[in-house]
Amino acid sequence: MTARERILTALAHQEPDRVPLDLGSSPTTGMHVSSVYKLRQALQLDPPGTPIKVTEPYQMLGEIAPDLMAALGVDVIGLSNPNTMFGYPLAGWKPWTFFDGTPVLVPGDFNTQPEPNGDILMYPEGDLTAPPSGRMPAGGFYFDAIVRQPEFDEDHLDPDDNCEEFQLVSEADLDFYEKEAGRLFAETDQAILANFGGTGFGDIALVPAVQLKNPRGIRDMEEWYMSTVMRRDYIWAVFAKQCEIGLENLKRIHQRVGDKVSVVYISGADFGAQNGPFISPKAYRDLYQPFHKIINTWVHENTGWKTFIHSCGSIFKLLPDIIAAGFDVLNPVQTSAAEMEAEGLAERFGDQVTFWGGGVDTQQVLPFGTPEEVKAQVHERMRIFGRGGGFVFNPIHNVQSGVPVENLLALYEAVGEYRGYPLQ
């Protein structure tokens, strides 16, 4: 099979020739730039000291270049907006050295002037005259959003203020999506996973709007979560406007890219903590599911795309409602959280949703286990999730910094060894 056929077969809940593999197609299936560097060095893809591009500065994700994809047998490639979460373009690359000494290339508007205490500040659109919107602590690994909560009048909250970042897609971006989708479809045999943005209702990583210079509305994460209960009508109005714009954008984008795209990233909002969901199934059904259904229904009735939801944590109790909302793909499949054991998930939901993740525990096993333990878990997850198709291998969320290179090599050696059908 081609890589694209392999993904489409798995999404149809049929067994392809081997379990499909993703690495780097989305903001939740990638790898920290320092781990990318170590992996490329270990595979002898680069001379020592060759810098790696930071393609997502917020999480400091590294580029998964075509030669690394080929070396690992990656079946999916990403299509995303050409701008970063901070609102500046992935362009004008310049050298920078990470705290751990990793040589990288960062976009031209990435701020490289440290604070006196060694912290690195990031600025919306790279504008150093604006208040900073992100902070990487000295010795840290990625950025934290800086809360810039303006004063607001409780009696005159305007939903438009929390929708400033949701705009109709520009002609320039439509041209980019059309050209890039065409190029990826023609020049690779990989399936395309697109992240067009704008439909992540309540995604807390997006609430602070780190790309806006002077955000309005409710931008403090704690205040936002309280508002979903205390100001529910306001949040509903925000979601309704976001949904209207997001749906129109998907229509316009589909006119340009058609079904060259296989999967579209709809939602990255987290609904689970380590020990259980932090909203009730009723709260999900009342506030989030109606908008998820609108988006998923349009996609399924008008395109050949499959829809992708990311939610960390223990969401077992929410999964029946998430599936009922029309999602085809679940990520990151956090099996280390309560009630999220691999066998139970596969038995209960394996014929209803494609598991995109869950391949190895990135909290304990991958960073702290032995290479033998990594390989054993990869083998186990291939066997459990891969039966009957409906599985795309990826670690649980992004591979973080600090993973021993021996474990990185063991991870992908095991993928290569165990991914062939029939699974043993």
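The model here is a predicted one, so to speak: local features need pLDDT of at least 70, side-chain atom pairs count only at pLDDT 80 or more, and totals for chains, interfaces and linings use all residues. Residues are numbered from 1 along each chain as its sequence is written, and side-chain values use heavy atoms, with hydrogens and water left out.

Helix H11 itself covers residues 371–386. Helices (DSSP runs of H or I, at least four residues) and strands (runs of E, at least two) are numbered from the N terminus. Buried residues of H11 include Val374, Met382 and Phe385, where buried means under 20% relative accessible area and exposed means over 50%, with partly exposed in between (1.4 Å probe, protein chains only). Among the elements covering them are helix H9 and helix H12.

Most residues other than glycine have a negative phi, and most peptide bonds are trans. Gln44, however, has a positive phi near 60 degrees, and Ala209 has one of about 50 degrees. Gln44 is exposed, at 70% relative accessible area, whereas Ala209 is buried, at 0%. Two cis peptide bonds turn up as well: Asn331 to Pro332, with omega near 5 degrees, and Tyr421 to Pro422, with omega about 0 degrees.

Notes. Expected span 1.5 Å × (residues − 1). Contact = heavy atoms within 4.5 Å.
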